[in-house]
Amino acid sequence: MASIVVRGLDESVKNRLAAQAKEHGRSMEAEVREILTRASSPPHIGIALMGFARDVGEVEELQIPARSDTARAVDFE
């Protein structure tokens with residue numbers, strides 16, 4: 001596994017990271033690893049859209065119509 005060193009980190013940032021790690025029940029190193037992993041991963045489009053919809057509100061009232069079509073085999077010829 002690779003290692004990195006972060007120089008010049010503000011003490012308040014370090015304190016917030018330590019508090020966040022404690023809240024999540026893990027070491028500060030594990031907390032930073034999780035943050036970096038999430039930040040460097042592409043978002044899942046479905047989850048992102050669901051989050052945006054929640055922010056807008058009134059999603060609970062959204063009517064999803066029942067499907068009336070049936071699945072059929074694809075003909076590639």
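Colleague: How many of the 77 residues count as buried, as a percentage?
Modeller: In this predicted model, 5% of the 77 residues of the chain count as buried.

Colleague: And what radius of gyration does the chain have, against that of a compact globule?
Modeller: The chain has a radius of gyration of 22 Å, whereas a compact globule of 77 residues would have one near 11 Å. Along the principal axes, the C-alpha trace spans about 60 × 40 × 20 Å.

Colleague: Staying with α1, what span should its 14 residues have?
Modeller: At 1.5 Å a residue, the 14 residues of α1 should span 20 Å. The end C-alpha atoms of α1 are 20 Å apart, so the model agrees with that expectation.

Colleague: Now α3. What is the corresponding span for its twelve residues?
Modeller: Helix α3 covers residues 45–56, and at 1.5 Å a residue it should span 16 Å. Its end C-alpha atoms are 17 Å apart, which agrees.

Colleague: How many of the twelve residues of α3 are buried?
Modeller: The count is zero, and α3 is hardly covered. I47 lies in this helix. With a relative accessible area of 54%, I47 is above the 50% cut-off and therefore counts as exposed.

Colleague: How far is I47 from R33?
Modeller: The C-alpha atoms of I47 and R33 are separated by 22 Å, and the two residues are 14 residues apart along the chain.

Colleague: Let us move to α2. Is E31 buried or exposed?
Modeller: E31, which has its place in helix α2, is buried, because its relative accessible area is 1% and the cut-off for burial is under 20%. Between E31 and R72 the C-alpha distance is 47 Å, with 41 residues separating them in sequence.

Colleague: And E34, what is its relative accessible area?
Modeller: E34 also lies in helix α2, residues 28–39. Its relative accessible area is 27%, so E34 is partly exposed.

Colleague: Where does A21 sit relative to E34?
Modeller: C-alpha to C-alpha, E34 and A21 are 10.0 Å apart in space, and they are 13 residues apart in sequence.

Colleague: One last topic, charge. How many positive and negative side chains are there?
Modeller: The chain has 10 positive and 13 negative side chains. The centres of these two sets lie 10 Å apart.

Methods:
Residues numbered from 1 in each chain as written. Predicted model: local features only at pLDDT ≥ 70, side-chain atom pairs only at ≥ 80, totals over all residues. Heavy atoms only, no water. Helix = DSSP H or I, 4+ residues; strand = E, 2+ residues; numbered from the N terminus. Expected span 1.5 Å × (residues − 1). Buried < 20%, exposed > 50% of the residue type's maximum accessible area, 1.4 Å probe, protein only. Rg over C-alpha atoms; globule rule 2.2 N^0.38 Å. Lys, Arg positive; Asp, Glu negative; His and termini not counted. Charge placed at Lys NZ, Arg CZ, Asp CG, Glu CD.
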